[in-house]
Amino acid sequence: MTLHDEACTTGAARAEHVGASPSATSRPAVVLLHGPGGGTAADFDFLRPMLARTRDVLAIRVPDAAGRRVIDWNEALTDTVGDVTVVAIGGHSSEAVRAARHSASLIGRVVLIDPEPADADADENGIDASRVLMLSTGTGRRTLLDQPARILSLIEEFIDGAGADRAPEATRSTDAAEGIRNAVSGTSLDGATEIDTVIVGAGFAGLGAGIRLARRGEESFVILERASDVGGTWRDNVYPGVACDIPSHLYSFSFLPKPDWSGFFASGPEIHGYLRDAARTEGLERHLRLGSEVLEMRWSADDRRWRVRTGAGDYVCRTLIVAAGRLSDARMPDVPGLDSFPGPVMHSSAWDDSVALEGRRVGVVGTGASAAQLIPQLARTASSVVVFQRSAPYVVPRPDRQYTPDEQAGFAADPASRAAMRDDLFWGAETAFAERMRVPGYIDRLRDRALGHLEAQVTDPGLRAAARPRYEIGCKRVIISNDYYPALASPAVTLEPSALRSVSGSVATSVDGRSVELDVLVFATGFESTRPPFAARTFGADGIRLADAWSTGMRAHASTTVHGFPNMFVLDGPNASLGHNSAVVMIEAQLDYVLAALEHRASNGVDALDVSLDAQDAYTREIDAKAASSVWLTGGCESWYVDERSGRLTLLWPDFAYSFQRRLLRFDPENYSAV
Ligand SMILES: Cc1cc2nc3c(=O)[nH]c(=O)nc-3n(C[C@H](O)[C@H](O)[C@H](O)COP(=O)(O)OP(=O)(O)OC[C@H]3O[C@@H](n4cnc5c(N)ncnc54)[C@H](O)[C@@H]3O)c2cc1C
């Protein structure tokens, strides 16, 4: 991104271009009016860089009363190509209205945020109402900064005309497609069960897919799950203290609300209970095939069907929805001598309750999100805990609280207000994306909050220094905890500020050469996130293995479909996770896309769809360009978001969640061919 100043010919107004050189591009141009009487500097700290990611932004300073009052728009916009939108806050609305009226050939649209009453009536001002977006940030002390991402999304939608793309809800909920209804269900083909759709995995994504199919009246699908229960992440992770970092009302399906969440953040067991209830109440039990580990998924070009081999029977299907998770296979570091450790060794995602911890010396390897939840619990039971820390995490306070019975009753009685609260939670979380884009002010406030938390909770200078991260905040997942630092500071816990290097019998030695005797070793070392094991078991057109297609990192079109793997949809896969908002909203956006693809396929009599390589490459380039300046790639850390083979960000969607929703709102048949 380049930024240069340009004096306006009025002498009193100053213009600055943010983004690519305006004359070299035909990207839409946005003019932001700033200066006295028009919003705060912080409003523009957010709007300018965020709009500049996809547009040319020209910031024009409106002179104060002492300066010349009128901007010469012809001069100010000489270099600007294309349709110009002027954005004005508060007292600057008059200037924007004047510009739109008198320079209509230059200025196509106007956005007025909290305009002066006299400017709020577009007709009165002689401007076609379709050219004006009027936004109110609400009453009282609410400002743009309370929900900046929401304002941004409305501005972007207005400029892009995205509203026109929005498919009417009815299109999304039409009856099951013809081709799907005609498919034979449950019959046997070479000993394999023939079925329309196979879903792999019964976590949030797989169950969500099942619910959406069932609600459309689909009967011919199965959900194959290797474990003996549904729940995915929340079934497997049962370590003490396991909980979600996203508010419960946002970390649940929008189409299946739960008014009686016990608190602001839900515990792991409560989320697991929610998913079990979902499977039962939505009638998924008859579609579930538990204890069915998928061993191979192979595309057969002859009959355009997938052959899915499991440890408990085989399936032939037209549509394959892979919802096998990205944090579902534990990652264990290769520690020399680990086999010689005489005591129990566990990964955080395979917790063994039968292991007694009282009075034992426990070593914890890792300081990520799971470790931060686990360590305070261990500090209460074990006789001592040694934490092997390769790099320190940033930790911010956790604003948790229990809901009262009255609040829960209110959520149940008033679905509209509950939905509005979910909306508020969503837009509140969205603001954090500006932190991940290193927008000054935003990232500084977050860093200050985290380092202030460290200072407030850790008084010992040595421990404070060891617990202080050495990379930029947000590069790794930010921990949300009130009891992590107090646990580190407690007498039972020792922080070893280096990784575990080796084990010899019961003695564990760190990279820095310190040795300690332990009874139990706990690995909180994360998951095979960049190399999902299902990819080694999936074979597409011409027998190509998905793991080979992804040999330099996962890639897909729309984060969902992969060239050469027709009729396969991957949920929660490449660039479909978030570092700042709920995974569930991303999964829901993907489900909309998948259903729209199935409808397109049916209504056009197409048997199988394959995304083009061009479209997939273009999407990948877009992801890479968006990710380039993000904190995940520039923050100076190593994280599981980045593929070590290519250095590409392959896990996270490097943008706002709302832009993912918008992006996947429409199925784009022009990028697919029938096979
Ligand atoms: C401890 C922890 C805390 C988390 N906290 C948050 C949070 O605060 N906010 C957030 O947004 N996200 C969080 N996540 C991420 C979480 O994984 C996602 O939010 C979400 O649960 C993913 O759902 P999923 O269905 O895609 O995957 P999963 O829940 O992993 O489900 C995948 C399912 O596929 C099954 N499966 C895999 N391979 C096969 C196979 N070959 N055959 C058959 N079945 C198979 C697995 O057994 C599993 O049941 C957390 C993850 C962990 C581990």
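Predicted model: local features only at pLDDT ≥ 70, side-chain atom pairs only at ≥ 80, totals over all residues.
Apart from its neighbours within four places in sequence, I375 is in contact with V364, V385, V387, Y484, A487 and V493.

## The chain as a whole

The protein chain holds 21 helices and 30 strands. It has 675 residues, of which 49% count as buried. Among contacts between residues at least 6 apart in sequence, 72% join residues at least 24 apart.

The largest nonpolar core has 193 residues, and V86, V198, V364 and I375 touch the most other members. Helix α18 (residues 583–603) gives this core its largest share, eleven residues.

## The surroundings of the ligand

There are 33 residues around the ligand, and G201, G203, G232, G325 and A583 come nearest. By class, the shell around the ligand divides into 18 nonpolar, ten polar and five charged residues. At least two residues of the shell are supplied by each of α7 (204–215), β11 (243–247) and α10 (369–381).

Strand β15 (residues 305–310) is largely enclosed by the rest of the structure, because five of its six residues are buried. It pairs with strand β14 (residues 294–300) in the antiparallel sense over six bridges. Within that pairing, M297 stands opposite V308 in β15. The hairpin of β14 and β15 has four residues between the strands, and in this hairpin R304 takes a positive phi near 50°.

Strand β15 also pairs with strand β16 (residues 313–322), in the antiparallel sense and over five bridges. A hairpin through two residues joins β15 to β16. The bridge partner of V308 in β16 is Y315.

## An antiparallel sheet of three strands

Strands β23, β24 and β25 make an open sheet with antiparallel pairing, in the order β23-β24-β25. At the edges stand β23 (500–504) and β25 (515–517); each has a single partner strand, so one side of each is left without a neighbour in the sheet. Neighbouring strands of this sheet are turned by 25° against each other on average, direction ignored.

Four bridges pair β23 and strand β24 (residues 507–510) in the antiparallel sense. S504 has V507 as its bridge partner in β24. Strands of a sheet, whether parallel or antiparallel, pair through backbone hydrogen bonds.

## Residues in loops

Most residues other than glycine have a negative phi. R438, which is not a glycine, has a positive phi of about 60°. This residue lies in the loop between α13 (432–436) and α14 (442–457). R438 is partly exposed, because 19 other C-beta atoms lie within 10 Å, and the buried class requires 20 or more.

A558 is likewise not a glycine and has a positive phi, of about 55°. It lies in the loop between α17 (546–549) and β28 (568–570). With 24 other C-beta atoms within 10 Å, A558 is buried.

P532 has its place in the loop between β26 (520–523) and β27 (538–539). It counts as buried, since it has 26 C-beta neighbours inside 10 Å. P532 and A324 are 208 residues apart in sequence, while their C-alpha atoms are 8.5 Å apart in space. Leaving aside neighbours within four places in sequence, P532 is in contact with A324 and R326.

Definitions and conventions: Residues numbered from 1 in each chain as written. Buried ≥ 20, exposed ≤ 12 C-beta atoms within 10 Å, placed from the backbone. Contact = placed C-beta atoms within 7 Å. Near = placed C-beta within 6 Å. Nonpolar A, V, L, I, M, F, W, Y, C, P; charged D, E, K, R; others polar. Pairing = 2+ DSSP bridges. Axes fitted to C-alpha atoms, helices over the stretch in contact; angles between N-to-C directions. Core = buried A, V, L, I, M, F, W, Y, C linked by C-beta atoms within 7 Å.
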